[in-house]
Amino acid sequence: MTTFTYSHSDEELINQPIGYWASAAGEAVVHHIRTMLAEAGLTQPQWWILNQITTDDGRDKAEVVATLRGYLNVGDNSLHHNISALHDRALLTEDTDGRLRITDEGRRLRDDTAARQQKTRAEIHEGIPDEEYIRTLKVLQRMIHNSGGEAWHH
């Protein structure tokens, strides 16, 4: 990693636009995560789907779609496409009742990617104490509320 320096002094940062910095942070983090997932052969929605169906009895397809549809505004059509892609790769199965189950191959890929995801998370969080991370999320959630927005992540 390269050496980190802040863009402005504290006196200058107070006047910086939160919308710009929140958006830039989101774009950088999502790009970093998606790059790691692409190296594993997965899209981000495929990763979310595999994580929703890890139990032995699987999960109802409609329930998975309902849970994930709002994540980064991915929408139902994209989720159905990604479920089909995982099915075509034999990473999940779908029974006649619409219940999705992860296959052994899907579980191996999911577990390997989970280990990679932990490394990626550590890279993103480098130099950021947990207390600062929690505080940052609380500040962003309050700004979303103050702006009349809504956000929720499971």
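**View 1. Packing of helix α4 against helix α5.** In this predicted model, the axes of helix α4 (residues 61-68) and helix α5 (residues 75-88) come within 10 Å and cross at roughly 130°. The crossing in which α4 passes α5 is right-handed. On the α4 side the contact is formed by Lys 61, Val 65 and Leu 68, and on the α5 side by Asp 76, Leu 79, His 80 and Ile 83. Sorted by class, the residues of this contact comprise four nonpolar, one polar and two charged.

**View 2. Packing of helix α3 against helix α4.** The axes of α3 and α4 lie 10 Å apart, and the two helices pack at an angle of about 130°. That angle makes α3 oblique to α4, and their crossing is right-handed. From α3, the residues Trp 48, Ile 49 and Gln 52 meet Val 64, Thr 67 and Leu 68 of α4. The contact of α3 with α4 contains four nonpolar and two polar residues, with no charged residues.

**View 3. Surroundings of Leu 68.** Leu 68 of α4 takes part in the contact with α5, and Leu 68 is also among the α4 residues that meet α3. When neighbours within four places in sequence are left aside, the residues in contact with Leu 68 are Trp 48, Ile 49, Gln 52, Val 74 and Leu 79.

**View 4. Burial along helix α3.** Helix α3, which spans residues 44-52, is mostly covered, with eight of its nine residues buried. The buried residues of α3 are Gln 44, Pro 45, Gln 46, Trp 47, Trp 48, Ile 49, Leu 50 and Gln 52, and of these, Trp 48, Ile 49 and Gln 52 are the residues that meet α4.

**View 5. The largest nonpolar core.** In soluble globular proteins, nonpolar side chains tend to be buried together. The largest nonpolar core of this model holds 22 residues, of which Ile 49, Leu 68, Leu 86 and Leu 92 touch the most other members. Two or more residues are given to this core by each of α2 (18-39), α3, α4, α5, β3 (99-102) and α6 (104-125), and α3 supplies the largest share, four residues. Two of the core residues that touch the most other members, Ile 49 and Leu 68, are also in contact with each other.

Key:
Residues numbered from 1 in each chain as written. Predicted model: local features only at pLDDT ≥ 70, side-chain atom pairs only at ≥ 80, totals over all residues. Heavy atoms only, no water. Buried < 20%, exposed > 50% of the residue type's maximum accessible area, 1.4 Å probe, protein only. Axes fitted to C-alpha atoms, helices over the stretch in contact; angles between N-to-C directions. Left-handed = near helix turned anticlockwise from the far one by under 90°. Contact = heavy atoms within 4.5 Å. Nonpolar A, V, L, I, M, F, W, Y, C, P; charged D, E, K, R; others polar. Core = buried A, V, L, I, M, F, W, Y, C linked by side-chain atoms within 4.5 Å. Parallel < 35°, antiparallel > 145°, perpendicular 65-115°, else oblique.
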